[in-house]
Amino acid sequence: MGSGASSGCCASADTDDFVIILDRGVEEPPAKLGLDVNPHFDVTSLKVNKVCGGLAERWNGQNPELRIFPGDKVVEVNGVRGDALKLLERCKTDRRLVLRVR
């Protein structure tokens, strides 16, 4: 699972959660997230199966204390929580993503 560090700019008050920001920018086609997720594992979150390049791999390289790992769960995307399919839709359509990971 993620480090759950309680210090740093993107850590939350809950030590089990941390926040990451991924930005596709304005390029066309948009940059890939690089997360293989399972929206059917849990109806309220997206389970990370694999980090496979893209913005997520770049994030991991630049933020070793707040890395995303297989088995982590994305529990919120841009303020949306509680519905895995809505989380997945935000990941597919929004250019700037603020992800809360547990």
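**Entry 1**

The model is a predicted one, in which local features need pLDDT of at least 70, side-chain atom pairs count only at pLDDT 80 or more, and totals for chains, interfaces and linings use all residues. Residues are numbered from 1 along each chain as its sequence is written, and side-chain values use heavy atoms, with hydrogens and water left out.

I then turned to the partner of Arg-81, and noted a salt bridge to Glu-76 at 2.6 Å, N to O. The term requires a side-chain nitrogen of Lys or Arg within 4 Å of a carboxyl oxygen of Asp or Glu. Glu-76 is buried, at 17% relative accessibility.

**Entry 2: the second bridge of Glu-76**

I noted that Glu-76 also meets Arg-100 in a salt bridge, at 3.9 Å from N to O. Glu-76 lies in strand β4 (residues 73–77) and Arg-100 in strand β6, so this pair ties together parts 24 residues apart in sequence. Arg-100 counts as partly exposed, at 21% relative accessibility. Through shared partners, the salt bridges join Glu-76, Arg-81 and Arg-100 into one network.

**Entry 3: Asp-17 and Arg-102**

Which residue forms a salt bridge with Asp-17? I found Arg-102, with the closest N and O atoms 2.6 Å apart. Asp-17 lies in the segment before β1 (18–23) and Arg-102 in the segment after β6 (96–101), so the bridge ties together parts that are 85 residues apart in sequence. Asp-17 is buried at 3% relative accessible area, whereas Arg-102 is partly exposed at 34%. By the same rule I recorded a count of six salt bridges.

**Entry 4: the whole protein**

I recorded two helices and six strands, taken as DSSP runs numbered from the N terminus (helices H or I, at least four residues; strands E, at least two). From the N terminus on, their order is β-β-β-α-β-β-α-β. Of the 102 residues, 39% count as buried.

I also looked up contacts, meaning heavy atoms within 4.5 Å. Among those between residues at least 6 apart in sequence, 56% join residues at least 24 apart. The accessible surface (Shrake-Rupley method, 1.4 Å probe; for residues, only the protein chains shown count as cover) comes to about 5,700 Å², with 51% belonging to carbon and sulfur atoms.

Technical notes:
Buried means under 20% relative accessible area, exposed over 50%, partly exposed in between (1.4 Å probe, protein chains only).
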